Amino acid sequence: MIMSDLYQEIILEHARHPHHFGELKNPTHTLKGANASCGDIVELQLFVEKGKIQEIAWKGNGCAISTASSSILSDLIKGKTIEQAKKVNIADLLKEMGLKTIMPIREKCLTLALQTLQNLLYNSNLQA
Amino acid sequence: MFDVQNIRKDFPILVRKLHGSKQLVYLDSAATSQKPQMMLDAMDEYYTQHNANVHRGIHTLGNESTSLFYKSRRKIARFFGADEHELILVRNTTEGINAFAYMWGERHISDGDIVVSTEMEHHTNFVPWQQLAKQKHVTFTAVRVNEHGKLDLNHLEELLKTKKVKLVAVVHVSNAIGTINPIEQIVEVAHKYGAKIIVDGAQSASHMPVDFHALGCDAYAFSGHKMLGPMGIGGLLVRAELFNELQPYIFGGGMIDTVSVEETTFAELPDRFIAGTPDVASTVGLAAACEYLNSIGMKEVFYHDQKLVAYALEKLSAIKNVKIVGPLDVRKRCGSVAFLYNGVHAHDVAQILDSEGVAVRSGHHCTMPLHAKFEWVATTRASFNVYSTKQEIDVLVQALQKVKEVFGK
């Protein structure tokens, strides 16, 4: 994979101006995730009402790939039901980011927010 | 006369081109060093000409293999200024330190003791002690490091004055910030208060002359693969005087004297601490690496490294968004130069550098306490060895330009 594929415009744009970056006033659910190999951290907050993710915000200090991925993920799940959000996977992320694949060494960067979201959705007895 | 271009010819991997046309610029030697052909040949020759199990065979190959093994072990010990029986062969630095924790720490650390490491320590000389302390319900603490990468020796002495410190675990050369710690000084003060010292020598072994007896520490661990040797072999040096305080950590064949159903007696030193079939080929390889380094001369190796570190410090600090971590004085550091890039994560820096053929490492370099203390999310590290050149540092600097182009920072 050549570098221009990885750092194409869509990723750089999301990395520069990430969507839904920040905190919610009254989140119903919060979870932190970390990428041990490099120290990247993400904190995800959801406001869930009537079984839908009404609001989402996240904070983090990661690389461009993890920032873009968190940003794109937040766009993907906002307004979705819990069940729909549970189904979002790596393939969806790669598609939105315009990538066919990600090299193994950067995979954890790509999936940090997704992994955190899945931990949150599957482990917190959220009602569908 | 140190001739780096000539030396480079000895390292076959250096001719590799990446991504089609980019010359490999390998600046990750602190992670693992590249290998000289003569070292590879020595291992090859072992397996094609002399391979047999050691100690037990009466036959010719068994004799040759055993003789090569002992000769190699002697060579390695001598490289470090140690006696042959002071060297316990292990897989790597990490295994060496863990072995010492079990062989010595288990028995000699108990109620009311303090175990001390440092804030700049690689996890290898930090976690085993922390975990042992936890298991023994004793205090574990870390000597402070200041923002210039200097170890706070006053803090160390303060801790030692309690007379409760049993062990000080300290790194010789930091893999993250390059700091060279004054081991002789630390040994003097630690011994004054009755504490033992174990030194992590992973980054010093290949960069400077190391004299185990002159250093005076009680134990010193190193990795073969970081000093032009193969992976899978390393050493734990333990002062002869301490051997009677050690218990074996691995049991089985080779480390015994007699075995019966009722009981087992153990072999003489140092065979008592190495069980099972050793990695003879890698031992031979490491001895060859020591020979190679000796042919250059470790003083020359050190001067070469200092020139590279000085050059890297000069060139990198001239780049606008780059902030170097660790001492800025070349005399206080060795082996590597790591930095923060303002506004761009270390991962992205490393990725872009790779696209230009430049190999560096990014992350926390197994020094999470250090990175957490100074709030460095991640750092990017360029590290050197005998085959590294100033031109390679120039390529690094040029490749960093690309980071600016992509991220606009």
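Mentor: B:Ala190 is buried, with a relative accessible area of 0%; buried means under 20% relative accessible area, exposed over 50% and partly exposed in between, with a 1.4 Å probe and protein chains only. This is a predicted model, in which local features need pLDDT of at least 70 and side-chain atom pairs count only at pLDDT 80 or more, while totals for chains, interfaces and linings use all residues. Residues are numbered from 1 along each chain as its sequence is written, chains are lettered from A and ligands numbered from 1 in the order in which they are written, and side-chain values use heavy atoms, with hydrogens and water left out.

B:Ala190 belongs to helix H7 of chain B, residues 183-192. Helices (H or I, at least four residues) and strands (E, at least two) are DSSP runs, numbered from the N terminus. Leaving aside residues up to four places away in sequence, B:Ala190 touches B:Leu160, B:Val168, B:Ala195 and B:Ile197; contact means heavy atoms within 4.5 Å.

In H7(B), B:Ile183, B:Ile186, B:Val187 and B:Val189 are buried along with B:Ala190. An α-helix has 3.6 residues a turn, so residues three or four places apart point the same way. The cover over the buried residues of H7(B) includes helix H6 (153-161), strand E7 (165-171), strand E8 (196-200) and helix H8 (212-215), which are parts of chain B. Just after H7(B), B:Gly194 has a positive phi of about 80 degrees.

B:His365 sits in the loop between strand E16 (361-363) and helix H12 (368-373) of chain B. Its side chain reaches the backbone oxygen of B:Thr379 at 3.1 Å. Beyond residues up to four places away in sequence, B:His365 touches B:His122, B:Asn175, B:His371, B:Thr379, B:Thr380 and B:Arg381.

Now the whole of chain B. Its secondary structure comes to 13 helices and 17 strands, and buried residues make up 58% of its 409 residues. Of the contacts in chain B with a separation of 6 or more, 71% are between residues 24 or more positions apart. Chain B has a radius of gyration of 22 Å, which agrees with the value near 22 Å for a compact globule of 409 residues; the radius is taken over C-alpha atoms, and the globule rule is 2.2 Å times the number of residues to the power 0.38. Along its principal axes the C-alpha trace of chain B spans about 75 × 55 × 35 Å.

Chain A has six helices and three strands, in the order α-α-β-β-β-α-α-α-α from the N terminus. The radius of gyration of chain A is 14 Å, close to the 14 Å from the globule rule for 128 residues, so chain A is as compact as a globular protein of that length. Buried residues make up 48% of the 128 residues in chain A, and the C-alpha atoms fill a box of roughly 45 × 25 × 25 Å along the principal axes.

Conventions: A polar contact is a pair of N or O atoms within 3.5 Å; within protein, one must be able to donate a hydrogen and the other to accept it, and residues adjacent in sequence count only if both atoms are side-chain atoms.
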